[in-house]
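Q: Please take a close look at the sheet in this structure. How is it put together, and how confident is the predictor in the chain that holds it?

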Amino acid sequence: MFAELGHFALLLMVVTGIGQAILFSPLWLHASLRMLSPQRASATPVGSPAFSDDDDSNSGSNGAFGQGAVKPASLFLLPAVILLLGLMAEGALLNAFIVSDFTLPIVSNVSHSSTPLLYRIGAAFTPDGGAMLLWVLALSLVNLLITIQLRSSAAICTDRFARNALSVLGALIAILGVVTLIDADPFLRVTVAPLDGRGMNPQSQDLLKVLREPFLYLGLAGLAGIFAMTLAGLLDRKIDRRFAETMRSWTIISWVCLGTAIAINAYRSYSEQAWGGWWYWDTAENSLLLPWLLATALLHCRAVLEKTETLRAWTAFLGITTLAVGWFGVYLTRSDLFAPLPETQLLPIDSTGLLVAFCLVFAFAYYLFWRSVDQMGDGRGFDVISRESAMFLNSVMLSLVAAVVLIGTIYPLVLQWITGDPITVGAPFYVKALIPIVLPLLFLMAFAPALRWRQDEVWMIGRRMKLAAILSLITVLFVSIRFIDLSPAPLIGIGLAGWVLTASLSDLWARLWRHPEYGESKYRNLQLLGPRYISMTLSHIGLAILIAGGSASSIWEEQVVVSARAGQSIQAGPYNLQYEGVSLLAGENYATRQATFILYRHSLPVTELFPEIRYYPIRGVETREADIWHGRDGDLHVSIGDRDDDGGRVVTVHYLPMMPWVWGGMLLMLIGGCFSILTRVILRFKKTGVPAS
Amino acid sequence: MRFSIAVIPLVLFAALAGVFLLNIDKDASVVPSVLIDKPAPEFSLPPLPGRDKGLSRADLTTGEVSVLNVFASWCVPCRAEHPLIKRLSREAEVPVYGLNYKEKDPEDGVKWLAELGDPYAAVGMDLSGRTGIDFGVYGVPETFIIDGTGQIRYKHVGPVTVEVLEKVLLPKIAELKG
């Protein structure tokens, strides 16, 4: 029963989405009014100011018409209804998973009556239909939030802009709803239900993996919001400061959400695998990375647009393309173009609708971009040596990185279509192709915060960057003398990380102490710097720490593989692991062989570690769970394998110095983003709370 | 319509979209199985009680296309698909063999076939489920199409529906028969 209600709610979402697309669009509204009421249309000659939709730039007349047609309060009605319907549909699907309703193939394919409740809920997001539904739900949430935002900042945005943006969002909700219904309808039933489900993919039975999906789809929905605003801006030929201000929170929200999904993904592969790596350049990872890279580029050139009203076309291009690569990534991972994912292996997959919709939506968007971008002009120019040009260069380089990743992802596929030979593109390709772009990117990244807007002088920059340059050179010298046989690549990595870190800190330092404009107390100076500067500095420092950790752990990694017997002790870095043996335990829906290790550091006991091999009988699949100790100077990563012929247990130990820096760096970048969102919310709350000031 | 660089994104996008749209049918959207195009495993199963012919790999390598249907009396979907297995055996004009999977009591399979009708050319009884494991059975019912040389050419998991029968199984069998 609930499933049918959910199905109906999803259908209604499509209908209301179309309704929103039509009702909010001034163009459509006029056309439909003319059709519906011939008297009125004949009374008002076509082309009269009130009904003129031929002249798109004439926003004043249409705006006046629009305000009369729809009262502001009723603006919330449709988006609120759509969100409610989305919650109903998602609730119906979750209910089916919670009560294990195996008449729904979507449930019986990825769930089982013995799957724990939390993972039954998580399983609802993994199959095609569930993921699409989650995306549509996230989109309807973003839709309502944008309605509230545009309504409360009506002074900022012209009415037309708000209507066009909401119209595009309504259309996107309807399109993705239809794609869900055509490709992978989650609410279809079978007449004969299986006795039990086939069980969740054990790889997905993990709390972090469950959390990844909502972050991913919220990030994509945020990108859809940016996309809608960009199209609205293009329709009005108004990609300007106001547009940039409206878009600001959504670029950061999407960036944080996608970044969280990437961090979760990286940590999961780190703790699942025996070889201690955290990034493998596979399709799922790349399709997360692509929109995040472009969102980062957008974040930067949006700031330029807001400050100087330049880079209009480039910002609009990124606003469209960021969603395009996100959508394309969903298509790549959801289709079976590559080796089928374990999760989808049991169901025939159809993602044709997703691809066709992708082509239609973005063909329209890029066409609109082409037709309107030339008529906008690009504001005042800027000097070659200025913060604008540094940030522009940065976003171009980030886009190049994204292009390389995209090519690496689809090249094997296209080549296979042409020649029939399957090939794989792995880390060596990415390293070779990305290093010439990423190294200059990092080198330039340090300059941008220290540069002035509009115009700057080379000698001034030299003075400001002096300290950072000296400190990072000292770092490189120290490391290369201390570890004489080091290959250049990681050395450059560490040097650049030091360069970015010291540049960020010295810029912060200079602004806190030396700046003549700022007052006497440091705290007051910190306040004057503003949340944007602080969040940028946090994120830049985070990236520097991440790179330093990644480079260092790849250089000084120690790997020990031994066949261990109970009582044996294994040396790795400053640590000593004592193997205590393996015991058989029962988990909630799995059996596990859990090994016990006692970890000593300089012969003092630190902790106990319990790597496992789990066996999930429903799917007949084994998974390995490493156990990790995050120490001060590095991670100790231990995993167990099978018993070998002599009766010993294969134990793989990795000592990864500075690995916690990688996780800390990622966290700091995300904190930087959250800081910016939070302060904005708080400031806004303060402003509305005290209307007098 | 004058040329401008703003058209480049549209052109690039169209090229990419075109490549993917043209290759949309090349998805391998059939349920993949590790056993597809592999020889069927070696097995020899006893007959149902009161019958004299069991089932072994030799039955699948007679040079004729055949179908192997895994069923059990305790399996509700098997009961639902049974009329369609009968139809399959009538219309496909190939021998349909039954693999009676993990019965509690050997008589159960006999009673089930007596009640619903017996479309099978021969039935083998897999009480331990050992042969089922070799065939990679993870949900009953399952239906395999095997060519004359004993190669598994297609596998359907779950109950056969009218749609699966008409759109997948019968055309596949006809194709293999040549």
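**The sheet of chain B**

A: Strand S1 of chain B runs antiparallel to strand S8 (residues 151-157) of chain B, and 2 bridges join them. Within this pairing, B:Pro39 has B:Gln151 of S8(B) as its bridge partner.

The model examined here is a predicted one. The pairing of S1(B) with S8(B) belongs to an open sheet of 6 strands in chain B, whose order is S1-S8-S7-S4-S5-S6. The pairing in this sheet is mixed. Its edge strands are S1 (38-39) and S6 (122-126) of chain B, each of which pairs on one side only.

The confidence values may now be considered. Chain B has a mean pLDDT of 85, with 91% of its residues at 70 or more. Among the elements of chain B, strand S4 (residues 66-71), a member of the sheet, has the highest mean pLDDT, 93. The lowest mean among these elements, 83, is that of helix H4 (residues 130-134) of chain B. Over residues 27-32 of chain B, pLDDT stays under 50. For this stretch the model has 15 contacts beyond four places in sequence. For the complex, the predictor gives an ipTM of 0.80 and a pTM of 0.82.

How values were computed: Residues are numbered from 1 along each chain as its sequence is written. Chains are lettered from A and ligands numbered from 1 in the order in which they are written. This is a predicted model: local features need pLDDT of at least 70, side-chain atom pairs count only at pLDDT 80 or more; totals for chains, interfaces and linings use all residues. Two strands pair if DSSP finds at least two bridges between them. Helices (H or I, at least four residues) and strands (E, at least two) are DSSP runs, numbered from the N terminus. pLDDT is the predictor's confidence in each residue, from 0 to 100. Two residues are in contact if their C-beta atoms, placed from the backbone, lie within 7 Å.
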